[in-house]
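Please examine the sequence together with the three-dimensional model shown here. The paragraphs below then lead through it region by region.

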Amino acid sequence: YHLHADAHYWAGVYPRTLELSRLAAETGGKDSYSAEYRLRGVGMQGISLAGLGRYEESLVAGENAIALSRKLGRSDNVVMNYSTLPLREIFAVDEALARSELVVSRLGPSSFNMPWLNGRADLLGSLLLQGELGRVARDWPGTWDDAVASDAWEHWLIMGRLAAYRADLELQAGRLDDAVTWARRAIEGARTGMRPKYEAIALTSLGKALTLSGVDAAVELRSAVEIADRLGSPLLRWQTRAALAGAVASEREAL
């Protein structure tokens, strides 16, 4: 159940992710069958609820997962990573940043780097939201190199996120050519890995960079809106529409 939930979450099928996560938690909890998947099931309910825009429930699920991990005497690193996503999406960035910094401080290179690399990527996402471009520029290369060197699924999963974050970094820094390059790279990776969320995010960054460069980006941004509508995330829906509105306004001004 949990592994199927992972695949559905990455593919952006949030209702099915939520259903499978509940089954993972229920099955893992029967006769103490698996504390690991009981925890992951509860934690993943939080991020699937965030994808659906049910943020209050998502926050509660994240807190429940952390409390359950401590009750069971298990590490809370993975579920704490999960809990930062809805915090970033409602712009509770200070709390998200504090949690990611805590996880990263606890961990380091090991045979399975997913929690450590995920925490570092989460940290970069929070720093971008805060406009801490210097710290992102400093920490991004090392995180990217570690993701490239990984042998497990964090290789493609984290690299896709980091490429999208690099495009955002370049866009915020005003380096429009570099923003376009990294956005296109992120789009290619998202399509190859079937990660529509990051395809929409990268298309939005590409559209913004093209608009600021004086290029019509309506096609790219309408594609981003279509993906956001299919996913159902309210955050992506308004972000993609805002970028499209900006592109259309810029094009009209140029006429």
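This is a predicted model: local features need pLDDT of at least 70, side-chain atom pairs count only at pLDDT 80 or more; totals for chains, interfaces and linings use all residues.

Residues are numbered from 1 along each chain as its sequence is written, and side-chain values rest on heavy atoms, with hydrogens and water left out.

A pair of aromatic rings is described by the distance of the centres and the angle of the planes. Rings of Phe, Tyr and Trp (for Trp, its six-membered ring) count as a pair if their centres lie within 6.5 Å; planes under 30 degrees apart are called stacked, over 60 edge-to-face, and the rest tilted. The structure holds six aromatic pairs. One of them joins Trp10 and Trp156: the ring centres are 5.4 Å apart and the planes stand at 85°, so this pair is edge-to-face. Trp10 belongs to helix H1 (residues 2-10) and Trp156 to helix H9 (residues 154-172), so the pair ties together parts that are 146 residues apart in sequence. Helices here are DSSP runs of H or I with at least four residues, numbered from the N terminus, just as strands are E runs of at least two. Are the two partners buried or exposed? Trp10 is buried, with a relative accessible area of 16%, while Trp156 is partly exposed at 36% relative accessibility. In these terms, buried means under 20% relative accessible area, exposed means over 50%, and partly exposed lies in between (1.4 Å probe, protein chains only).

Trp140 and Trp182 form another edge-to-face aromatic pair, with 5.1 Å from centre to centre and 80° between the planes. Trp140 is located in helix H8 (residues 133-149) and Trp182 in helix H10 (residues 176-192), so this pair ties together parts 42 residues apart in sequence. Both Trp140 and Trp182 are buried. With Trp144, these two residues make up one aromatic cluster. Trp140 also has a charged residue over its face: Arg166 lies there, at 4.6 Å from the ring centre. A charge sits over a ring if NZ of Lys or CZ of Arg is within 6 Å of the ring centre and within 35 degrees of the ring normal. Helix H8 also contains Gly142, which is partly exposed, with a relative accessible area of 32%.

Helix H6 (residues 93-106) and helix H7 (residues 114-130) meet at an angle of about 150°, with their axes 8 Å apart. The axes are lines fitted to C-alpha atoms, for helices over the stretch in contact, and the angles run from 0 to 180 degrees between N-to-C directions. H6 and H7 are therefore roughly antiparallel to each other; angles over 145 degrees are given that name, those under 35 count as roughly parallel, 65 to 115 as roughly perpendicular, and the rest as oblique. Residues of H6 that meet H7 include Val93, Ala96, Leu97 and Val104, and their counterparts in H7 include Trp116, Arg120, Leu123 and Ser126. Contact here means heavy atoms within 4.5 Å. Within this set, Arg120 lies over the face of Trp116, at 4.1 Å from the ring centre. Ser126 is buried, with a relative accessible area of 0%. Beyond its neighbours within four places in sequence, Ser126 is in contact with Arg88, Val93, Ala96 and Leu97.

Which helix is largely enclosed by the rest of the structure? Helix H5 (residues 77-89) is, because 12 of its 13 residues are buried. Among the buried residues of H5 are Asn77, Tyr82, Pro86 and Arg88.

Several loop residues complete the picture. Phe91 lies in the loop between H5 and H6 and takes a positive phi of about 65° just after H5. Phe91 is partly exposed, at 44% relative accessibility. Met194, in the loop between H10 and helix H11 (196-212), likewise has a positive phi, of about 55°, although it is not a glycine. At 61% relative accessibility, Met194 counts as exposed. Gly12, by contrast, is buried, with a relative accessible area of 10%, and lies in the loop between H1 and helix H2 (14-29). Leaving aside neighbours within four places in sequence, Gly12 is in contact with Pro196 and Leu231.
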